[in-house]
Amino acid sequence: MDAFQRSDYDMSVEAQVHLSLSSPRRVSIPGEGLSQSSPLRVALSGSTACVIHISNGVLHVANLGDSRAVLGVQEQDGRWSALNLTNDHNAQNPEELQRILGEHPASERRTVVRHDRLLGLLLPFRAFGDVRFKWSAEMLNRLYDTRPDILSAVSESVRTLPPHYLTPPYLSARPEVTRHIIRPADKFLVLATDGLWELMHRQTVIQMVGEHQAGLLQQRPIIPSANTTLGNLQRLLLERRGRVKAVLEDHNAATHLLRHALGDDGYGSVAPNRLARMLSLPADLVRRYRDDITITVIHLNEL
């Protein structure tokens, strides 16, 4: 917890020092305001985080925001089940919603969270950076007055004070830490940003990684029911063949998940044309179809 909060604090202080060197309506050094590594640009950006620490059979998860850690558990009968090790920090989490409401006066109860977003703007209630939800109104107004060069390079929503901005900070960098003792049935762990979970259910993710890990070397027989048509049977066979081909194509489990998340044809296989379209969307359109996706798969039997 200290490491998360100190990292966020240092980021904020460095940006404030950078801001203090700015004179009102200053003319920036060419290219400085557009630099992605500018302390102010970094602090205005935001990021969630999900960190795992494993030692002596004990697993700790530090989560900040709406990324998730999901454990792949193999039951005695061979089936796979998904166990959440994290909680999303957003309006869909009742405890998190009560936390954020309790940190501000009752007079702000209707404005702190609007349309399931922090101040009506931000989905996660915890994150690194995004100082426009943390700094004082005076500090933010100074930013708007002195660094038009920075603001011209960021999204329009960042260029003005958030509505009903009365008692900051509203956004927290304090992670939620959970503990889990690893059992023999716990086979792997999937860490991913919300971009994956918006496209795939956690049970589907775990099932897919479990099948990939096993290599689908032994296919369970298809036993048709009394009302199974030839068309349905053909679809099931094509679906199974597609899964086998996909496993052979992707040696990396995270790549396997990503390919299916972006190119799913609705039958458990990957449609190459759909995958190509999703990967070639221009930067100004891609967020309409998907969020950023980062995936890490940890195989516990390899530790």
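Q: Where does tyrosine 9 sit?
A: Helices are DSSP runs of H or I with at least four residues, strands are runs of E with at least two, and both are numbered from the N terminus. Here, tyrosine 9 belongs to helix 1, residues 2–20. This is a predicted model, where local features need pLDDT of at least 70, side-chain atom pairs count only at pLDDT 80 or more, and totals for chains, interfaces and linings use all residues. Residues are numbered from 1 along each chain as its sequence is written, and side-chain values use heavy atoms, leaving out hydrogens and water.

Q: Is tyrosine 9 buried or exposed, and why?
A: Buried means under 20% relative accessible area, exposed means over 50%, and partly exposed lies in between (1.4 Å probe, protein chains only). Tyrosine 9 counts as exposed because its relative accessibility is 52%.

Q: How much of the protein is buried?
A: Buried residues are 43% of the 303 residues.

Q: How many helices and strands are there?
A: The protein has 10 helices and 11 strands.

Q: Which strand pairs with strand 11, and in what sense?
A: Two strands pair if DSSP finds at least two bridges between them. Strand 10 (residues 186–192) pairs with strand 11 over five bridges, in the antiparallel sense. Within that pairing, valine 190 is opposite valine 297 of strand 11.

Q: How covered is strand 11?
A: Mostly: of the five residues in strand 11 (residues 295–299), four are buried.
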